[in-house]
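Let's take a friendly look at charged side chains and how they pair up. Have the viewer ready and follow along.

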Amino acid sequence: QVHLVESGGGSVQSGGSLTLSCAVSGSVNAVNCMAWFRQALGTEREGVASVGDDGSTPYRTRYADSVKGRFTISQDTAKNMLYLQMNSLRPDDAATYYCAADLFICRRRVAPRTTDFNYWGQGTQVTVSS
């Protein structure tokens with residue numbers, strides 16, 4: 001079993017930055033693909049970014065078009081941590097952010113999909129004021 005716990009959510013002004021963290025525990029060595037998702041009230045959960053072996057590149061990163069160039073996904077394997085650095089935040093970035101992990105390699109998609117991940121954190125809320 002893989003356990004994920006997000007932290008770092010909060011309130012930030014439009015144009016500001018925020019870094020989210022995800023602590024991984026359990027069967028850490030079995031984890032391959034990791035990702036960040038977000039879900040605003042009344043909307044479906046959407047993929048934000050992923051990192052991991054996609055069968056071609058060992059640490060392929062992929063981003064949703066809406067965050068590309070502003071968000072950066074990274075990981076510290078020694079600390080079993082996943083991060084999402086968010087810059088130039090906009091009001092439409094406000095949502096509950098979730099980290100996710102799977103034992104399989106990352107799919108070659110434009111952005112991660114919920115159906116590709118079996119392990120999820122509890123979520124951390126991000127608000128952006130304008």
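## A cut-off to start with

A residue is called buried when its relative accessible area is under 20%, exposed when that value is over 50%, and partly exposed in between. Please keep in mind that this is a predicted model.

## The overall count

How many salt bridges does a search of the whole structure find? The search turns up eight.

## Arg109 and Asp116

Asp116 has a relative accessibility of 8%, so it counts as buried, the cut-off being under 20%. Its salt-bridge partner is Arg109, with 2.7 Å from N to O. Arg109 itself is partly exposed, at a relative accessible area of 25%.

## Asp93 and Arg70

In this salt bridge the closest N and O atoms of Asp93 and Arg70 are 2.7 Å apart. The pair links distant parts of the chain, 23 residues apart: Asp93 sits in the loop between strand 8 (81-86) and strand 9 (95-102), while Arg70 belongs to the loop between strand 6 (60-63) and strand 7 (71-76).

Are these two residues buried or exposed? Asp93 is buried, with a relative accessible area of 0%, and Arg70 also counts as buried, at 7% relative accessibility.

Arg38 and Glu46 join their side chains in a salt bridge of 2.8 Å, N to O. Arg38 is buried at 4% relative accessibility, whereas Glu46 is partly exposed at 38%.

Which residues are linked in a network of salt bridges? They are Arg38, Glu46, Arg70 and Asp93.

How values were computed. Residues are numbered from 1 along each chain as its sequence is written. This is a predicted model: local features need pLDDT of at least 70, side-chain atom pairs count only at pLDDT 80 or more; totals for chains, interfaces and linings use all residues. Side-chain values use heavy atoms; hydrogens and water are left out. A salt bridge is a side-chain nitrogen of Lys or Arg within 4 Å of a carboxyl oxygen of Asp or Glu. Buried means under 20% relative accessible area, exposed over 50%, partly exposed in between (1.4 Å probe, protein chains only). Helices (H or I, at least four residues) and strands (E, at least two) are DSSP runs, numbered from the N terminus.
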